[in-house]
Amino acid sequence: MGFVKRLMSFVKFMWKSSLEVLKQKNVDLVFATSTPLTIGIPALVKKSFHRTKFIFEVRDLWPEVPIQMGGLKNPILIAIAKQLEKNIYKSAEHIIALSPGMADGVLKYESSEKVSMIPNMAKIDEFFPREHNHELLTALGLKANSFKLIHFGALGLANGVESIIDSAILLKDYPDIEFIFVGGGSREPYLKDLCQKYKLNNIHFLGKYPMNTLSEIVNFCDISLVSFMDLPILYTNSPNKLFDSLSAGKPIIVNSAGWTRNMILENECGFYVNPNHPEELKDLIISIKNDDALLDKLGRNSRKLAETTYDKSILCNKFADVISSTLLSIEKS
C-alpha cells in the first residue's frame, strides 16, 4: 500500500476494533501490539470505558518511523502523534519493546521498571539445516551450483533493497552468483524495472510462498541478506527474517548499523556492509563465496544463537512472566 491507503487502513481498523473491544466482557487484561501506534487506541478506549488495563508491545517506534521516512510531514499531525505515543506509554500497565533501540525510545518517557525487551523469536522447527531440495531448486529455474544470496520478506520502501540491486550490477559478470528475492511489496515493480534496465540475469524474483516452501528455498541458499534503508530509526528494527535466518543456520549479511549488526558480529554469524557503498557487498561476496569452512562456521554459529538465545520456547517464557507479573500487580492494586 501507499502511505495514504495504508493510513486509511489503519484508521479503519482502529475504528472497528475500538467498537469491538467494548463488546467484550469479563476481560482481565488487554494486549495491544503495534504497529501502527493507533493499535493503542482500542486499548485506551477499553481502559477508559471499562477500566481494563493493558500491556502495549512496541514493534516499531511510531511516529518516528514515518517521520524519518518522510511519510508524516505535517507539524500538527506530528505533534498529535507524539502526544498519542506519550499517552499510550503512560496509560499502559507495562510495555514490551522488540529491540534494545525500541526500548531506549520508550525509556525517554517511562521508567525501566515498566519496560521489558523481548525480541522476535526464532522458529527452529520451521527453519533448520537439512538436505537441499534439488527438485524445487530446478523447478524455480535456479542454477544447481551457483552461490545463492536470498532476501526474503517485504519489498517495501523501508527495506532499501535498491542497495542490493546496486551490488548485483557490479556482479553481473559473475554467472556463478545469484540473488534471490522471495516476497513482495510496493517497490517490487520498480526493482524489476531496474533489473530490466541493467539487463541483470543474476536476480530472481520468485514471488510469495507459504512458510514450508520458503524454508526449503532458504535452506538451499548460501547467504541470507537482511536489508533496510539507512535511517537511524530503522537501526532499531527487529526483523523476523533475521531470526528465521538464524534458525536456518545461514550466514547473514546485514546493512543496518544498529543492534542487529552488533548481534551478528559479536556472535560471529555473518557480516555488516554499508548500504551506501555497494562495492562493499560485492567485494565481500567475492571474498567468501568459495570459503566453505568460514561459511560453515558462521552457519553453525547462527543456528546455535537461535537455539540458545532466541528460540520461542525461551522468549515465550519471558513473555508469559511479563503477563503473569502484570496480572499479579493488577490484583494487588
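**Ground rules.** I am working from a predicted model, in which local features need pLDDT of at least 70 and side-chain atom pairs count only at pLDDT 80 or more, while totals for chains, interfaces and linings use all residues. I number residues from 1 along each chain as its sequence is written, and side-chain values use heavy atoms, with hydrogens and water left out.

**Sheet.** I looked up the strand order first, taking helices (H or I, at least four residues) and strands (E, at least two) as DSSP runs numbered from the N terminus, and counting two strands as paired if DSSP finds at least two bridges between them. Four strands form an open sheet in the order E1-E2-E3-E4, with parallel pairing. Strand E1 (30-33) and strand E4 (115-117) stand at the edges with a single partner strand each, so one side of each is left without a neighbour in the sheet. The twist averages 20° from one strand to the next; for such angles, axes are lines fitted to C-alpha atoms, for helices over the stretch in contact, and the values run from 0 to 180 degrees between N-to-C directions. Between E1 and strand E2 (residues 54-58), which run parallel, I find four bridges, and Ala-32 stands opposite Phe-56 in E2.

Helix H4 (residues 75-91) touches E2 and strand E3 (94-97), and its direction makes about 130° with that of E2. Helix H5 (residues 100-107) also packs on the sheet, touching E2, E3 and E4, and its direction makes about 170° with that of E4.

**Helix H2.** For burial I use relative accessible area, with buried under 20%, exposed over 50% and partly exposed in between (1.4 Å probe, protein chains only). In helix H2 (residues 40-50), the buried residues include Gly-40, Pro-42, Ala-43, Leu-44, Val-45 and Lys-46. Arg-51 follows H2 and has a positive phi, near 60°.

**Helix H8.** Here the buried residues of helix H8 (residues 188-197) are Glu-188, Leu-191, Leu-194 and Cys-195. They cover an arc of only 120° around the axis, which puts them on the same side of H8; the arc is that of the directions from the helix axis to the C-beta atoms. On the other side of H8, I note Pro-189, Gln-196 and Lys-197 as exposed. The cover over the buried residues of H8 includes helix H7 (162-170) and strand E7 (203-207). Lys-199 follows H8, with a positive phi near 55°.

**Cysteines.** I searched for disulfides, meaning pairs of cysteine sulfur atoms within 2.5 Å, and the structure holds zero. The sulfur of Cys-195 has its closest cysteine sulfur in Cys-221, 16 Å away, which is too far for a bond. Cys-195 counts as buried at 8% relative accessibility, and Cys-221 counts as buried at 2%.

**Asn-120.** I found Asn-120 in the loop between E4 and helix H6 (134-139), buried with a relative accessible area of 15%. What does its side chain meet in polar contact? A polar contact is a pair of N or O atoms within 3.5 Å; within protein, one must be able to donate a hydrogen and the other to accept it, and residues adjacent in sequence count only if both atoms are side-chain atoms. The side chain of Asn-120 makes such a contact with the side chain of Asn-240 (3.5 Å), and the backbone oxygen of Ser-238 lies 2.3 Å from a polar atom of the Asn-120 side chain. Not counting residues up to four places away in sequence, Asn-120 touches Leu-98, Ser-238, Pro-239, Asn-240, Phe-243, Tyr-310 and Leu-315.

Notes
Contact means heavy atoms within 4.5 Å.
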